[in-house]
Amino acid sequence: MRAGYPAADGLGPVEAVIFDCDGTLVDSERPWLQVVAEQIERLEADIAPEGLMGLPARQAAQALVAAAASARSAESVEKNISRRYSLLLRECDAPMPGVRALLGAIDGVVPAAVASNGRGEDVRALLEAAGIADHFDAVVSIDDVVAGKPSPDVYLEACKQISVPPGHVLVVEDSPAGAAAARAAGCRVLGVNADLTIELDADARIPSLEKCVFDATNRRLILRGAASSTSPTRKVAP
């Protein structure tokens, strides 16, 4: 679904929900942008920070080195990114708006998991700091798979850990790489991003999880306040 497409009133019955972490559950994208902006300046790389959103540190480092003015080691850049990002994450201690209410409504009704391109240590620390770690039945990170998003590995592994087939899982994502990964895994996708210049391949889209209500009786997500457009929304299987 392109940016600006309207969201549906719901996404069909939900048997499990898998969340991205950075920018979806916790506001950790600002420190990531700060880190990559620092590396861009240091390397004199011809690349925009936003182009590295949703990528694991290794892929971001490779992209930075490829765009750098002089030869650099991708391994050393990756280490610098990971070290600096882990330090800045200590300041992220609050969930994104609407997250607590949604997780509370889902609890005990359907399984919930996290699938992230972040390192396991960082992801778990973020969830603990935000006070939402206990809501999840599984947490999958870049440490658990061969390739990060946009490859589908983290979502396939999360589906495996919660024992729900991908076709019965709803993924909540805010980045193009993450949405592409979820789509490749065969999951339905709810895009959550207020920036309509960013295209997300999603079945429905809302600006914030504050616009999402979980109907526990019917196991459906009801969406409100979606972006408007004359273009049709991707159809969602009932």
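1. Val 192 has Ile 206 of E6 as its bridge partner. Strand E5 (residues 188-192) runs parallel to E6 over 3 bridges; pairing takes at least two DSSP bridges between the strands.

2. A quick word on what you're looking at: it's a predicted model, with pLDDT of at least 70 needed for local features and 80 or more for side-chain atom pairs, while totals for chains, interfaces and linings use all residues. Numbering starts from 1 along each chain as its sequence is written, and side-chain values use heavy atoms, leaving out hydrogens and water.

3. Zooming out, 6 strands make an open, parallel sheet in the order E3-E2-E1-E4-E5-E6. Strand E3 (138-140) and strand E6 (204-206) are the edges, each pairing on one side only. From one strand to the next, the twist averages 20 degrees.

4. Helix H6 (residues 153-162) packs on this sheet, touching strand E1 (16-19), strand E2 (112-115), E3 and strand E4 (169-173). Contact means heavy atoms within 4.5 Å. The H6 direction makes about 160 degrees with that of E3 (axes are lines fitted to C-alpha atoms, for helices over the stretch in contact; angles run from 0 to 180 degrees between N-to-C directions).

5. On to H1: which of its residues are buried (under 20% relative accessible area, 1.4 Å probe, protein chains only)? They are Glu 29, Pro 31, Trp 32, Val 35, Val 36, Gln 39, Ile 40 and Leu 43. These pack against helix H2 (57-67) and helix H3 (74-88). After H1 comes Glu 44, with a positive phi near 55 degrees.

Methods: Buried < 20%, exposed > 50% of the residue type's maximum accessible area, 1.4 Å probe, protein only. Helix = DSSP H or I, 4+ residues; strand = E, 2+ residues; numbered from the N terminus.
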